[in-house]
Amino acid sequence: MMGALDGYRVIDLSIAMAGPLAAMRLGDLGADVVKVEPVTGEWQRHAPAGGATGHQVNASFLSLNRNKRSLAVDLKSAEGREIVHRLAATGDVFLQNYRPGVAERLGMDYDTISALNPRIVYVSMSGYGESGPYVSRPGQDLLLQAMSGAMFSTGREGDPPAPAGTYTIDAVTAYSAFEGALAALLHRERTGEGQRVSVNMLDAAIAVQMQELSVFTVGKVPQRRGREPHGHTYIRAPYGVFATKDGYLALGMPRLDVLAVALDLPEVAGMDGHADRDEITTAVASRLPGRTTAEWLEICARHDLWAGPVYDYADLVADPQVKHNGSFVTYEHRTEGTVTTPGFPYRMSAGPPSVRRGAPLVGEHTRELLDELGYPSERTTELVARGVLACAD
C-alpha cells in the first residue's frame, strides 16, 4: 500500500531519541529515510535503555529506527562528506541534532546543504535554541523536564519534584520536528521553496504546557503543591492515584456531591475542590482501601465518575482496548527475529503508516545507496577498505 510520503527522501543525521523518532514517523508514512551514522554505529546502538541489548540491535535503537536504511560513513573525511552531499542533493528533508558548531565543521549546516539543494527542508534540533546564553548546555530530557516547571505541577509540598515516567520532552520535541517538517513540505509544494525549520527542547516543553502556563501568565494563579500528594496543581481535588484494597485507582476531578454519595463521604459534599484540596484528598485516601480496585471501578461507573485502573506494562499490553486498537505492531527483523514494538499514534484512511523494514544494521544499505548515487562498485569497496564507509555484509 502506498504511504502518504512515498517518493520523498529524508536524510537523518540525528542521534539519541528526539531526532530519530521524528525521522521514523516520516518513514512510517512512506518516506525513504536514510540514516547517516558513523562507521561504528550511532550512539543509541551502544546505549541500550534498561540493558535490553538484543542480538545485534538493542531495543532502544530498534524502537526508534524502523523504516530506515543505514549509510555508515566517516563524515570527518572529504570522501564521506562528498557522499552525503550527493545524497542531500537527492533529498526532501535533512534532519540533524548536532551540538552547536558541529554541523558547520562537518559541512552539514543549512547554508551548505541548501546551496546543494535549494528545495530542501532542513530541520535543525537543539536543546535550548541555536543562540543565547544556554546554547552550549546539554539538551537532555530530565534536565529539560526540570527546567520546564512541569515537575512543580504534581506531588506534595516538601517532597522533591519527580520526573515523568517517560522521556516526555524528547517525545514532544520529536513531534514538533515531525510537524514542522510536514508543514514545510506543504509550503514547498505550494511555493517551490525549501526552508530551515528550527526546533528546540525548551520551546517544545513550554508549548506543550500551553494550558498550565496560561493559567499562570494570564490568570496569575501560582503553582501550589499541598500537604497531600496531588496529580496537578491546577486541577481540583480529588485528582491523582489512590491505594485500594488490592492495588490502585486513578480518580479525576469528580463532582464532590456525587463523590460524597458514591464513597459515603458526606463531609466532602460542601467542600471546595481547590481551597480544600488536602482535606478532600485525605478523606478519599482513607476510604478507598476498604474495597478492591474492581469494586471501586464498578461503583464509579454507576455514578458516572471519572476513574480508571493503574496499569504496569504487563497490564497495558494485555488490555482488550489496546489489542482492539492494534496499538503495537509485530514484525520480523533480520537479526532480532519476531519483535513487538509500539505502533503508530494516528490512523489514516489513505496512505496510512506501516512497517516496511526493521531498524537497520550498521551500514546495512551502504552499498545499495552508493549504487543509487552512481558510485562504481569497486570505488565503494575501496572506501570500505579505507574506513570511510562501513557495510553490514
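**View 1. Leu95 and its bridge partner in β5.** The bridge partner of Leu95 in β5 is Val123. Strands β4 (residues 93-96) and β5 (residues 121-126) are parallel to each other and pair over four bridges. Strands pair if DSSP finds at least two bridges between them; strands (E, at least two residues) and helices (H or I, at least four) are DSSP runs, numbered from the N terminus. This is a predicted model, in which local features need pLDDT of at least 70 and side-chain atom pairs count only at pLDDT 80 or more, while totals for chains, interfaces and linings use all residues. Residues are numbered from 1 along each chain as its sequence is written, and side-chain values use heavy atoms, with hydrogens and water left out.

**View 2. The open sheet of seven strands.** The strand order is β6-β5-β4-β1-β2-β3-β12, and the pairing is mixed. β6 (195-200) and β12 (389-390) are at the edges with a single partner strand each, so one side of each has no neighbour in the sheet.

**View 3. Val10 in strand β1.** Strand β1 (residues 9-12) contains Val10. Val10 counts as buried because its relative accessibility is 2%; buried means under 20% relative accessible area, exposed over 50%, and partly exposed in between (1.4 Å probe, protein chains only). Apart from neighbours within four places in sequence, Val10 is in contact (heavy atoms within 4.5 Å) with Leu26, Ala31, Asp32, Val33, Val34 and Val93.

**View 4. The largest nonpolar core.** A nonpolar core is a set of buried Ala, Val, Leu, Ile, Met, Phe, Trp, Tyr and Cys residues joined through side-chain atoms within 4.5 Å. The largest one has 28 residues, of which Val36, Leu71, Leu75, Phe94 and Met108 touch the most other members. Elements that each supply at least two residues of this core include β2 (32-37), β3 (68-73) and α15 (366-372). The largest share, four residues, comes from α3. Not counting residues up to four places away in sequence, Leu75 touches Leu13, Val36, Gly80, Arg81, Val84, Tyr98, Leu106 and Met108. A second, separate core has 26 residues, among them Val10, Ala23, Ala174 and Phe178.
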